[in-house]
Amino acid sequence: MKYIKSVHKHGSEIFLLELKDEKSLKINSIVKTSTSQNGINSIISECKGIDWYNNQSKNKIVYNLENKTSSYHRLKMEINSTFFNIDFNKGYHKIKKYLDLTINHYIQIWCEYRGHQYAPFHGDLSLVGNVMFDNKDEVLFVDWEQFDTSMKMPTGLDVTMTLLENICYETIRFKKIKMDVLKHFVNSLQVLNEAKLLSPLLINNPAKNTLDFIKSNTDIWKGQHFKLPVLKLSKNIIEEIDNAMYKMIG
Ligand SMILES: Nc1ncnc2c1ncn2[C@@H]1O[C@H](COP(=O)(O)OP(=O)(O)O)[C@@H](O)[C@H]1O
Ligand SMILES: [Mg+2]
């Protein structure tokens, strides 16, 4: 037996319902529904993204598009119960391990796109909610609402955004970027580059180019791009990150 635990409307015009097991009170599935065109498009993108991901990932996301009419879509997804979201009130040095796991998982999942300038795009690989971990250090990417294969997004952009998002939180905490954080950013891009999963479009000025790609492809976020934390990085910080990249790897 299941019941609806909560209902909330979310900026992307989707209702999210959590279904709990009546006895254990554990969430065992989530349901996304929408009646608007934007929301329905997000649900369709999510199904395509999950199909694409399940083809590569050892841990699959099980879903069922239960109701699909021109004015109403209902998508039910089973919870992968061993996975959790990390606690975000930790400094960068505690988050580092999870960023490294995220990059490794990206390298595995996107392996067919080695050496490609462009690759399919998740659009919101944020450690706040959409990248999950388990006790065996396995990784699960969820929330494929922005999945896109048509917009020519540079290979590696997803994880470059993840890294920049965490630098953004650092600057909010400390008003500056510490040297070890900059080094970790540069090293991470080097790891991606060695795996042939960093587009040449992101090797020079990765921070500025990331922001430019987002700004010129805002359709991917269906009106929600303004919520992306990376867009809050100041011009000075962006220059600082890009200079560090230039100085450390030339
Ligand atoms: N397959 C899954 N396994 C475990 N937890 C999940 C799964 N899918 C989603 N979740 C949990 O539900 C939350 C909301 O799902 P998400 O798809 O990110 O919706 P939203 O679009 O509201 O961010 C996630 O942050 C995660 O904690
Ligand atoms: Mg999410």
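Student: What makes Gln117, Tyr118, Pro154, Thr155 and Gly156 contacts of serine 199?

Tutor: Two residues are in contact if their C-beta atoms lie within 7 Å. In this predicted model, serine 199 touches Gln117, Tyr118, Pro154, Thr155 and Gly156, once residues up to four places away in sequence are left out.

Student: Where is serine 199, and is it buried or exposed?

Tutor: Serine 199 sits in the loop between H4 and H5. A residue is buried if 20 or more other C-beta atoms lie within 10 Å of its own. Serine 199 has 24 C-beta neighbours inside 10 Å, so it counts as buried.

Student: Good, let me try another one. Why is glutamate 170 called partly exposed?

Tutor: Buried needs 20 or more neighbours, exposed needs 12 or fewer, and partly exposed is in between. Glutamate 170 has 19 other C-beta atoms within 10 Å, so it is partly exposed. Its place is in helix H3.

Student: Which residues does glutamate 170 contact, leaving aside neighbours within four places in sequence?

Tutor: Tyr92, Ile177 and Val181. For tyrosine 92, the C-alpha atom lies 6.9 Å from that of glutamate 170, although the two are 78 residues apart in sequence.

Student: What can you say about the phi of lysine 222?

Tutor: Lysine 222 is not a glycine, yet its phi is positive, about 45°. Aspartate 137 also has a positive phi, near 60°, and is a residue other than glycine.

Student: Why is aspartate 137 called exposed?

Tutor: Exposed means 12 or fewer neighbours. Aspartate 137 has 12 other C-beta atoms within 10 Å, so it is exposed. It lies in the loop between strand E7 (131–133) and strand E8 (139–141).

Student: Now helix H5. How do you know that its buried residues are on the same side?

Tutor: The buried residues of H5 (residues 206–215) are Pro206, Ala207, Thr210 and Phe213. They cover an arc of only 130° around the axis, so they are on the same side of H5. The face turned away from that buried side carries the exposed residues Asp212 and Lys215.

Student: What covers the buried residues of H5?

Tutor: The cover includes strand E9 (148–154), H3, helix H4 (179–194) and helix H6 (235–249).

Student: Which residues touch the most other members of the largest nonpolar core?

Tutor: Phe141 and Leu164 do, in a core of 52 residues. Helix H3 (residues 157–174) gives the largest share, six residues.

Student: How do you know that this core lies between the domains?

Tutor: Domain 1 (2–78) and domain 2 (92–249) both give residues to the core, so it lies between them. As for Phe141, leaving out residues up to four places away in sequence, its contacts are Tyr53, His105, His122, Leu125, Asn130 and Val131.

Student: Finally, why is ligand 1 said to lie between the domains?

Tutor: Domain 1 and domain 2 both give residues to the shell around ligand 1, so it lies between them. Of the 15 residues around ligand 1, Ile79, Asn80, Gly129, Val142 and Asp143 come nearest. By class, the shell has eight nonpolar, five polar and two charged residues.

How values were computed: Residues are numbered from 1 along each chain as its sequence is written. Chains are lettered from A and ligands numbered from 1 in the order in which they are written. This is a predicted model: local features need pLDDT of at least 70, side-chain atom pairs count only at pLDDT 80 or more; totals for chains, interfaces and linings use all residues. A nonpolar core is a set of buried Ala, Val, Leu, Ile, Met, Phe, Trp, Tyr and Cys residues joined through C-beta atoms within 7 Å. Helices (H or I, at least four residues) and strands (E, at least two) are DSSP runs, numbered from the N terminus. Domain bounds come from an automatic or database domain assignment. A residue is near a molecule or strand if its C-beta atom, placed from the backbone, lies within 6 Å of it. Ala, Val, Leu, Ile, Met, Phe, Trp, Tyr, Cys and Pro count as nonpolar, Asp, Glu, Lys and Arg as charged, and the others, Gly among them, as polar. The arc is that of the directions from the helix axis to the C-beta atoms.
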